[in-house]
Structure formats: structure tokens, C-alpha cells
Amino acid sequence: QRTSLRRGSQAVNWEPPERRELLWDAEERWLLCRVNDGGELMASAAELAGEGRVDLHELTADAAQHSRLGEPLELSVELRTSGEEDSERSFDGDRDDGIRGQPCGSARLRLTVVDMSGMLAT
């Protein structure tokens, strides 16, 4: 789900932060974070400038271990350039293809994981 556009800046900042509610199927392991560049300027498709990912299984296991499920978690995601060879990789299941490429920045996220499984029992 895309956020609003930010034009003409080397360092992009959303102030105030934009909120997104994303339904998450617990079988999905990765939350992908992508930064696009330039599409709105030339009336063409936006070009992928960088991408990173969050391992949601690891994040929720750590949050559960420290009794922090349902609390906002602050994290930083390393963004990397995406080469042509990376466009076909898969993030399915536990397979770890990784995001190769040169580091090009980071994204700061505040993520809250809400466990809805208790609602199924009622």
C-alpha cells in the first residue's frame, strides 16, 4: 500500500507519520518495504529505488517472549538497491533469498502486531 508522494528531497520524511492497517496472514513471513522514485515526474511507472524487509515471524516471537504483543515496536529496516537479478527472487515461506544490492538508506517503522487468534475461539 503506497504512501503519499514526497518530491525533491534526498532524505524523505513523513511528518506526521502515515498510518496503515495491514491485515497479516500469520503464514506470511516477510513484510516488504519498498521506496519508489521518479514515476510521478515523467508520467511513467515509478522506479524501485530501494527495498528492505522485516521478518514478521522473528519479530512476533521476540515480542511474545518479552510480553510486548499489541505494543508499538520501533524498528529500522535497511534499504538496498535492487539489481535486475533480484527481481525474480521469492519471499515465500521460510526460504531466505535475501535482498542483495548496495545499502542505500533505511526506513524507520513503528509496527504493532495484534494477535487476533483469541477472537476465533469465541
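Biologist: Which residues is C33 in contact with, leaving aside its neighbours within four places in sequence?

Modeller: In this predicted model, C33 is in contact with G50, E51, G52, V77, L79 and L109, once the neighbours within four places in sequence are left aside. These count as contacts because heavy atoms of the two residues lie within 4.5 Å.

Biologist: What makes C33 part of a nonpolar core, and which residues belong to the largest one?

Modeller: A residue such as Cys, Leu, Val or Ala belongs to a core if it is buried and joined to the others through side-chain atoms within 4.5 Å. The largest nonpolar core has 11 residues, namely L31, C33, V54, L56, L59, A63, L73, L75, V77, L111 and V113, and the elements that give two or more residues to this core are strand 1, helix 1 and strand 3. In soluble globular proteins, nonpolar side chains tend to be buried together.

Biologist: How do you know which side of helix 1 is the buried one?

Modeller: The buried residues of helix 1, which spans residues 56-65, are L56, L59, T60 and A63. They cover an arc of only 90 degrees around the axis, and therefore they sit on the same side of helix 1. On the other side of this helix, E58 and Q65 are exposed. An α-helix has 3.6 residues a turn, so residues three or four places apart point the same way.

Biologist: What covers the buried residues of helix 1?

Modeller: The cover includes strand 1 (30-37), strand 2 (47-55), strand 3 (73-80) and strand 4 (103-111).

Biologist: Which residues of strand 3 form its covered face, and which its uncovered one?

Modeller: The covered face of strand 3 holds L73, L75, V77 and L79, while the uncovered face holds E74, S76, E78 and R80. In a regular strand the side chains alternate between the two faces of the sheet.

Biologist: How do you know that strand 3 and strand 4 pair?

Modeller: Two strands are said to pair if at least two bridges are found between them, and strand 3 and strand 4 have eight, in the antiparallel sense. In this pairing L73 stands opposite L111 of strand 4.

Biologist: Why is the meeting of D55 and R29 called a salt bridge?

Modeller: The limit is 4 Å between a side-chain nitrogen of Lys or Arg and a carboxyl oxygen of Asp or Glu, and the closest N and O atoms of D55 and R29 are 2.6 Å apart, so the pair qualifies. The pair links distant parts of the chain, with D55 in strand 2 and R29 in the segment before strand 1, 26 residues apart. Both D55 and R29 are buried. A side-chain oxygen of D55 also reaches to within 3.1 Å of the backbone nitrogen of H57, at the start of helix 1.

Biologist: Are E71 and R68, which also form a salt bridge, buried, exposed or something in between?

Modeller: A residue is buried under 20% relative accessible area and exposed over 50%. E71, at 35%, falls between these limits and therefore counts as partly exposed, and R68, at 34%, is likewise partly exposed. Their side chains meet at 3.3 Å, N to O.

Biologist: What makes R80 and E78 partly exposed?

Modeller: With relative accessible areas of 23% for R80 and 43% for E78, each value lies between the 20% and 50% limits, so both are partly exposed. R80 and E78 form a salt bridge too, with their closest N and O atoms 3.3 Å apart.

Notes:
Residues numbered from 1 in each chain as written. Predicted model: local features only at pLDDT ≥ 70, side-chain atom pairs only at ≥ 80, totals over all residues. Heavy atoms only, no water. Buried < 20%, exposed > 50% of the residue type's maximum accessible area, 1.4 Å probe, protein only. Helix = DSSP H or I, 4+ residues; strand = E, 2+ residues; numbered from the N terminus. Arc of directions from axis to C-beta. Polar contact = N/O pair within 3.5 Å; in protein donor to acceptor, adjacent residues only side chain to side chain.
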